[in-house]
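Trainee: I have a new model open. Can you show me how to read its helices and charged pairs?

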Amino acid sequence: MAGEDFYEAAVRHWIDGIILEEQKEYDNAVCMQGFAAECALKKIMEKVRSIKMRDSDEIEKYKKGYSHLGEAMMRDIQIMLLVDMELLAILEPSCALKLSKMELPHILFQDHPERRYFRDGTYTKADAEDCRKAADSLIKEMLYMRVDGYL
């Protein structure tokens with residue numbers, strides 16, 4: 001997509017999710033934090049995969065392959081952690097360590113993005129807090145990667 005910027009989108013959705021959680025709009029907060037996590041993961045994975053993919057067309061095809069499917073992205077993260085971790089650990093050791101320790105709650109991607117059409121009252125304050133905490137860790141990792149010059 002033209003103008004696609006996972007970094008900016010991740011931060012924007014994360015802020016929106018925090019505002020919605022503060023307003024006790026838990027269903028919308030969970031949805032926004034899911035989008036924030038999705039975009040942050042896409043940005044992180046884009047960088048990780050670019051280590052192995054030198055062809056820009058291959059990278060663009062890879063980026064478009066996720067759509068909103070958290071399962072496909074999580075599968076690729078698991079593969080990367082199992083297969084590519086050694087390469088990632090050499091090239092970006094702190095990123096490799098953080099990604100290997102990251103645990104994302106199931107609710108973060110469960111029914112994503114279809115949940116945006118769910119009835120109000122589906123999610124609780126605890127659900128919103130869990131999603132925010134998970135999105136926070138991904139946003140922070142993405143920010144650290146940017147500050148460190150990786151993104």
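Trainee: In which helix do lysine 42 and glutamate 38 both lie, and how many residues apart are they?
Mentor: This is a predicted model, so side-chain atom pairs count only at pLDDT 80 or more. Lysine 42 and glutamate 38 both lie in helix H2, residues 26-52. They are 4 residues apart, about one turn of the helix. Their side chains meet in a salt bridge, 2.8 Å from N to O.

Trainee: Are lysine 42 and glutamate 38 buried or exposed?
Mentor: The cut-off for buried is under 20% relative accessible area. Lysine 42 has 9% relative accessibility, so it counts as buried. Glutamate 38 has a relative accessible area of 2%, so it is buried too.

Trainee: How many salt bridges does the structure hold?
Mentor: It holds 3. One of them joins the side chains of glutamate 21 and arginine 132, at 2.6 Å from N to O. Glutamate 21 lies in helix H1 and arginine 132 in helix H6 (residues 125-147), so this pair ties together parts that are 111 residues apart in sequence.

Trainee: Which residues are linked in a network of salt bridges?
Mentor: Glu21, Arg132 and Asp136. Aspartate 136 forms a salt bridge with arginine 132, with the closest N and O atoms 4.0 Å apart. The cut-off is within 4 Å. Aspartate 136 and arginine 132 both lie in H6, 4 residues apart. Check burial as well: aspartate 136 counts as buried at 16% relative accessibility, and glutamate 21 at 12%.

Trainee: Now H1. What span does it reach from its first C-alpha to its last?
Mentor: Compare the span with the one expected at 1.5 Å a residue. H1 covers residues 6-22, 17 residues in total, and reaches 24 Å, close to the expected 24 Å.

Trainee: Which residues of H1 are buried?
Mentor: Phe6, Tyr7, Ala9, Ala10, His13, Gly17 and Glu21. Look down the axis of H1: these buried residues fall within an arc of 160 degrees, so they line one face of the helix.

Trainee: What caps the N-terminal end of H1?
Mentor: Aspartate 5 does. One of its side-chain oxygens lies 3.1 Å from the backbone nitrogen of tyrosine 7. Then look at what comes after the helix. H1 is followed by lysine 24, with a positive phi near 65 degrees.

Trainee: What sits over the ring of tyrosine 7?
Mentor: The charged end of arginine 146, 4.0 Å from the ring centre.

Trainee: And how many aromatic pairs are there?
Mentor: Ring centres must lie within 6.5 Å to pair. By this rule, the count is 0.

How values were computed: Residues numbered from 1 in each chain as written. Predicted model: local features only at pLDDT ≥ 70, side-chain atom pairs only at ≥ 80, totals over all residues. Heavy atoms only, no water. Phe/Tyr/Trp six-rings, centres within 6.5 Å; stacked < 30°, edge-to-face > 60°. Lys NZ or Arg CZ within 6 Å of the ring centre and 35° of its normal. Helix = DSSP H or I, 4+ residues; strand = E, 2+ residues; numbered from the N terminus. Expected span 1.5 Å × (residues − 1). Buried < 20%, exposed > 50% of the residue type's maximum accessible area, 1.4 Å probe, protein only. Arc of directions from axis to C-beta. Polar contact = N/O pair within 3.5 Å; in protein donor to acceptor, adjacent residues only side chain to side chain.
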